[in-house]
Amino acid sequence: MTVVERREIALVDLLDRLLAGGVVITGDITLRIADVDLVRIDLNALISSVNANVPSPFEESR
Amino acid sequence: MIGLRYVYAVCRPFSTPLQAQLSGVAGDPPRLLTHHGLVAVVSHVPEADFAEEPLRAHLEDLDWLTGVARAHQGVIDALTTVTTPLPLRLGTVFRDDSGVRTMIEARKESFRHTLDRLEGRVEWGVKVFLEDAPKPEAAAPAARPASGRDYLRQRRSQTKSQDELWQRAELFATQLHETLSRVAEDSRLHAPQNPALSGASGRNVLNAAYLVPRAGSEEFVEKVDQTKGELPGIRVELTGPWAAYSFAGDTAPESASDEERPNAKERS
């Protein structure tokens with residue numbers, strides 16, 4: 001099949017998928033980090049990976 | 001050994017072994033944990049880094065996050081060569097193997113359902129950028145405005161062309177998205193990327209993901225390639241093939257399936 005030239009994957013494309021995609025599992029057993037907490041990380045550089053429907057990444061300031 | 005369990009993905013059992021030199025997050029090679037006919041791909045990770053509190057703190061450290069993200073992607077990538085994995089969100093951690101088993105048991109139906117839907121499909125990412133407009137002064141050595149009215153006229157035409165450019169970019173992105181959606185089985189729109197993080201030039205007007213059967217990938221890629229250079233000032237970027245990260249999230253909750261219910265019993 002077609003292969004796009006292999007260059008290093010841009011971090012921003014990766015975070016779009018790893019922080020906004022993937023199955024979110026919540027439950028007693030998990031450490032509950034997977035869901036909302038993760039996309040609201042207080043990290044300036046990550047603003048753009050925050051899902052569009054999460055209003056503010058900086059709701060909880062630390 | 002004391003440790004937590006970091007889960008990358010859930011898949012159907014597969015027979016081809018994973019690359020031997022694969023090291024997962026925290027350097028622990030991924031192991032396979034089979035339960036109820038499903039396989040969780042798991043690494044042992046130290047509690048000091050992956051328990052809730054330290055994990056939360058680490059996730060604010062871009063270097064640490066980058067390392068984990070690349071390791072996670074490395075494992076998913078390796079899985080993609082031997083099966084169709086259902087990726088879990090980064091940072092899904094359980095206390096022990098039995099926690100992972102309990103999770104599989106509770107969600108096995110929706111895992112199977114989603115795995116069936118994703119089988120043999122990959123994700124392609126397509127981004128459209130509007131290149132930064134060249135500085136108007138540099139573009140045309142326009143005569144100095146002779147009067148205030150000339151100045152306003154020049155300003156107006158600059159703003160107008162800027163607006164037109166935007167509209168054209170929007171239209172281009174919309175049409176491209178429609179075209180690609182017809183070739184793809186499903187699509188997702190991601191938030192436009194922040195240039196500060198991506199380092200990409202221009203404005204990101206479309207950031208989309210498409211679910212495409214492997215067999216249809218060539219056609220899809222050609223469709224994208226055809227649009228490149230179609231419109232001056234517009235840049236189209238393709239990434240992939242990815243595991244179907246953007247299409248993994250909407251697994252139906254276990255109890256909400258009412259497909260089987262209507263009239264099935266009454267007829268018999």
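This is a predicted model: local features need pLDDT of at least 70, side-chain atom pairs count only at pLDDT 80 or more; totals for chains, interfaces and linings use all residues.

Modeller: In chain B, residues 24 or more positions apart account for 78% of the contacts with a separation of 6 or more. The chain has 268 residues, and 35% of them are buried. Its secondary structure comes to nine helices and nine strands.

Four of those strands make up the part you asked about: an open sheet in chain B with the order E7-E8-E6-E9 and antiparallel pairing. Who stands at the edges? Strand E7 (186-189) and strand E9 (234-242) of chain B do, and each has a single partner strand, so one side of each is left without a neighbour in the sheet. On average, neighbouring strands of this sheet are turned by 20 degrees against each other, if you ignore direction. As for what holds strands together in general, strands of a sheet pair through backbone hydrogen bonds, either parallel or antiparallel.

Now look at one pair inside the sheet. Strand E6 (residues 121-130) and strand E8 (residues 203-213) of chain B run antiparallel and share ten bridges.

Helix H6 (residues 148-183) of chain B lies across E6, E7, E8 and E9 of chain B, and H6 runs at about 5 degrees to E8(B).

Leu231(B) lies in the loop between helix H8 (217-227) and E9 of chain B. Leaving out residues up to four places away in sequence, Leu231(B) touches Arg168(B) and Phe172(B). The C-alpha atoms of Leu231(B) and Phe172(B) are separated by 8.4 Å, although the two residues are 59 residues apart along the chain. Is Leu231(B) buried, exposed or partly exposed? It counts 16 other C-beta atoms within 10 Å, so Leu231(B) is partly exposed; being buried would take 20 or more.

Chain A has two helices and zero strands. Helix H1 (residues 11-20) of chain A packs against helix H3 (residues 62-82) of chain B at an angle of about 75 degrees, with the axes 10 Å apart. H1(A) and H3(B) are therefore roughly perpendicular to each other. On the H1(A) side the contact includes Leu11(A) and Leu14(A), and on the H3(B) side it includes Ala69(B) and His72(B). The residues of this contact divide into five nonpolar, three polar and no charged.

Terms used. Residues are numbered from 1 along each chain as its sequence is written. Chains are lettered from A and ligands numbered from 1 in the order in which they are written. Helices (H or I, at least four residues) and strands (E, at least two) are DSSP runs, numbered from the N terminus. Two strands pair if DSSP finds at least two bridges between them. Axes are lines fitted to C-alpha atoms, for helices over the stretch in contact, and angles run from 0 to 180 degrees between N-to-C directions. Two residues are in contact if their C-beta atoms, placed from the backbone, lie within 7 Å. Angles under 35 degrees count as roughly parallel, over 145 as roughly antiparallel, 65 to 115 as roughly perpendicular and the rest as oblique. Ala, Val, Leu, Ile, Met, Phe, Trp, Tyr, Cys and Pro count as nonpolar, Asp, Glu, Lys and Arg as charged, and the others, Gly among them, as polar. A residue is buried if 20 or more other C-beta atoms lie within 10 Å of its own, exposed if 12 or fewer, and partly exposed in between; C-beta atoms are placed from the backbone.
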